[in-house]
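Have a look at it first, then read on for the briefing.

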Amino acid sequence: MLLFTSSLVSVSSSTLCPTKTLMLRAPCLIRRHFWPLPKSYSSPLSTKPISRITLTCALANCPTNNHVYPHPSPQFAESETHKFKVELLQKLSEDIDEFGNDLHAVVDVCAQIFNEFLHKEYGGPGTLLVEPFTDMLVALKKRKLPGAALAARASLLWAQNYVDKDWEVWNTKLQ
């Protein structure tokens with residue numbers, strides 16, 4: 001019976017990176033027998049590792065890619081929150097049976113949380129997080145407002161479709 005496993009190989013590139021040791025996994029082939037074989041038997045399969053990968057990288061010479069996101073823009077946050085509130089109200093008003101008289105309260109809660117996120121954390125494309133939308137869901141449920149899941153989902157979909165694009169447009173106007 002043949003069993004494939006992997007063994008840990010330690011590679012040290014002392015000339016390039018004296019303080020770095022790389023740990024690699026190299027597949028090995030282990031021969032297991034359930035019956036005795038004569039010592040003269042020579043297997044066509046080797047018990048040595050199938051491949052040993054040696055990797056040398058001058059880690060000290062590799063530049064790191066540090067991308068710095070811009071700080072949140074209060075003017076963008078105010079403008080985007082207003083647009084978000086108007087369009088979310090329009091979207092959720094299609095399901096007036098779900099929200100009833102609490103529609104404006106639901107939109108206000110969502111807009112407040114979205115506004116806080118834009119003011120504190122959003123710094124452009126790549127920085128849109130899920131947390132504010134889960135916070136919306138939790139806040140709406142805590143206040144026992146109807147349609148919490150629907151409102152949080154609509155808010156997330158709106159943000160995914162518009163926030164990054166609006167940020168790009170906003171910043172091209174500034175230049």
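Let's begin inside helix α3, where the buried residues are Leu 103, Val 106, Val 107, Val 109, Cys 110, Ala 111, Ile 113, Phe 114, Asn 115, Phe 117 and Leu 118. "Buried" means under 20% relative accessible area, "exposed" means over 50%, and "partly exposed" is in between (1.4 Å probe, protein chains only). Keep in mind that this is a predicted model, in which local features need pLDDT of at least 70 and side-chain atom pairs count only at pLDDT 80 or more, while totals for chains, interfaces and linings use all residues. Residues are numbered from 1 along each chain as its sequence is written, and side-chain values use heavy atoms, with hydrogens and water left out.

**The whole chain**

- The protein chain has five helices and two strands; these are DSSP runs (helices are H or I with at least four residues, strands are E with at least two), numbered from the N terminus.
- Reading from the N terminus, the order is β-β-α-α-α-α-α.
- Of the chain's 175 residues, 30% count as buried.
- Among contacts with a separation of 6 or more, 64% link residues 24 or more positions apart; a contact means heavy atoms within 4.5 Å.

**Helix α3 and its cover**

- α3 has 18 residues and reaches 26 Å from its first C-alpha to its last, close to the 26 Å expected at 1.5 Å a residue. That expected span is 1.5 Å times one less than the number of residues.
- The cover over the buried residues of α3 includes α1, α2, α4 and α5.

- The 19 residues of α1 should span 27 Å at 1.5 Å a residue, and its end C-alpha atoms are 26 Å apart, which agrees.
- Phe 76, Ala 77, Glu 80, Thr 81, Phe 84, Leu 88 and Leu 92 are buried in α1. They cover an arc of only 120° around the axis, which puts them on the same side of α1; the arc is that of the directions from the helix axis to the C-beta atoms.
- A handy rule here: an α-helix has 3.6 residues a turn, so residues three or four places apart point the same way.
- Turned away from that buried side is a face with the exposed residues Gln 75, His 82 and Gln 90.
- The buried residues of α1 pack against α2, α3, α4 and α5.
- α1 and α3 pack at an angle of about 155°, with their axes 9 Å apart. That makes α1 roughly antiparallel to α3.
- For such angles, axes are lines fitted to C-alpha atoms, for helices over the stretch in contact, and the values run from 0 to 180 degrees between N-to-C directions. Angles under 35 degrees count as roughly parallel, over 145 as roughly antiparallel, 65 to 115 as roughly perpendicular and the rest as oblique.
- Among the residues that meet here are Phe 84, Leu 88 and Leu 92 in α1, and Val 107, Cys 110 and Phe 114 in α3.

**Where α3 crosses α5**

- The axes of α3 and α5 come within 11 Å and cross at roughly 40°. The two helices are therefore oblique to each other.
- From α3, Val 106, Cys 110, Phe 114 and Leu 118 meet Ala 151, Ser 155, Trp 158, Ala 159 and Val 163 in α5.

- α4 (residues 131-142) has twelve residues and reaches 16 Å from its first C-alpha to its last, close to the 16 Å expected at 1.5 Å a residue.
- Its buried residues are Pro 132, Phe 133, Met 136, Ala 139 and Leu 140. Seen down the axis of α4, they fall within an arc of 120°, so they line one face of the helix.
- Lys 141 and Lys 142 are exposed, on the face turned away from the buried side of α4.
- The buried residues of α4 pack against α1 (74-92), α3 (103-120) and α5 (148-174).
- Lys 144 sits in the loop between α4 and α5. Lys 144 has a positive phi of about 55° although it is not a glycine, and it is exposed, with a relative accessible area of 73%.

**Glu 98 in α2**

- Glu 98 lies in helix α2 (residues 96-99) and counts as partly exposed at 42% relative accessibility.
- Glu 98 and Pro 146 are 48 residues apart in sequence and 6.7 Å apart in space, C-alpha to C-alpha.
- Leaving aside neighbours within four places in sequence, Glu 98 is in contact with Pro 146, Gly 147 and Leu 150.
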